Amino acid sequence: MRIVYLNGEYVPENEAKISIFDRGFLFADGVYEVTTVVDGKLIGFDGHINRLQRSLDELKISFDVDTAKMLAIHRELVERNNLQEGMIYLQITRGNPGDRDFAFPPEDTPVTIVLFTQTKQVVGTAVETKGLKVVTVEDLRWGRRDIKTVQLLYPSLAKMEAKSRGADDAWLVQDGQVTEGTSNNAYIVKDGTIITRNLSNDILHGITRGSVLECARSLQMKVEERPFSPQEAYEADEAFATSASGFTNPIIEIDGHTVGTGKPGPVGDKLRSLYLEENMKAAV
Ligand code: PDD
């Protein structure tokens, strides 16, 4: 049985209990991060912690993340659960005011902090060689997608819509332009140029995105940060998606259109290798 972390304690997963009045439960009033573990080490940890603090600040949840303390909790969970490969999920909510009220509770209400491990193969997966199929779905999420909140109902619905249409995931479209995937950032490659939507409140500022674009620039690849349409994506040479646990996952079909050769493309493959190499060197 997993050992999870809840508000300062390490407990078996079936003993971790949260109040029915928790703001995370009643209002989806919380933020989260997912950090990938490879060979028992955390990838991109500082980036995830910085984004966590930003998400908290944007929602005015008064909590100062102590990076060293948070790293110690992550490491303890890796150790106690003997996690070699997978993820650590972290969630912080505005806590338990003891009743339901739209207004925020007093600032000194303790936040709820939960962390748990998930065992999952992330290196050398079948997706890496086979690729994924996506369909486009209208982006009906709220306007602050740059904040990593736990209100994930629409991405979840979009993912199920994609599955019902025989695909693996959805790329979300707003005003005729792709924003991102349900839980990943979206990219196309045309004539050697990598195109991905520019950072704004419309998308999550992916930690993997930042690192992958750095890798691309170090390989002298051309990068254009701008919106692109589904039509442009159908005609691309290559497409891929990035996320902490998926690294760069090839996309081989979009709305039934085969992308490029219908096989994972060389740009995504090269970026995946360099991303892993660089991030494993820096893993903690
Ligand atoms: N999802 N865009 C969205 C909407 C996401 O939910 C995610 C991450 C990303 C990629 O961000 P990063 O590279 O920092 O993982 C982009 C996580 C993995 C999840 O919800 O499980």
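A: Phenylalanine 247 is buried, with a relative accessible area of 0% (buried means under 20%, exposed over 50% and partly exposed in between, with a 1.4 Å probe and protein chains only). The model is predicted, so local features need pLDDT of at least 70 and side-chain atom pairs count only at pLDDT 80 or more, while totals for chains, interfaces and linings use all residues. Residues are numbered from 1 along each chain as its sequence is written, and side-chain values use heavy atoms, with hydrogens and water left out.

A search of the whole structure finds seven aromatic pairs; rings of Phe, Tyr and Trp (its six-membered ring) pair if their centres lie within 6.5 Å, and planes under 30 degrees apart count as stacked, over 60 as edge-to-face and the rest as tilted. One of the pairs joins tyrosine 5 to tyrosine 10, edge-to-face, at 5.3 Å centre to centre and with 70° between the planes. Tyrosine 5 counts as buried because its relative accessibility is 10%, whereas tyrosine 10, at 25%, counts as partly exposed.

Phenylalanine 247 is paired with tyrosine 275: the ring centres are 5.6 Å apart and the planes stand at 45°, so this pair is tilted. It links distant parts of the chain, 28 residues apart, with phenylalanine 247 in strand E14 (residues 247-254) and tyrosine 275 in helix H8 (residues 266-281). Helices (H or I, at least four residues) and strands (E, at least two) are DSSP runs numbered from the N terminus. Tyrosine 275 is likewise buried, at 4% relative accessibility.

Ring pairs also link Tyr32, Tyr89 and Phe116 into a cluster. Charged groups meet rings as well: arginine 23 lies over the face of phenylalanine 27, 4.1 Å from the ring centre, and the charged end of arginine 94 sits 3.4 Å from the centre of the ring of phenylalanine 104. A charge sits over a ring if NZ of Lys or CZ of Arg is within 6 Å of the ring centre and within 35 degrees of the ring normal.

Six strands form an open, antiparallel sheet in the order E2-E1-E6-E5-E3-E4, where two strands pair if DSSP finds at least two bridges between them. Strands E2 (9-12) and E4 (41-42) stand at the edges with a single partner strand each, so one side of each has no neighbour in the sheet. Two bridges join strand E1 (residues 3-6) to strand E6 (residues 112-119), and leucine 6 has valine 114 as its bridge partner in E6.
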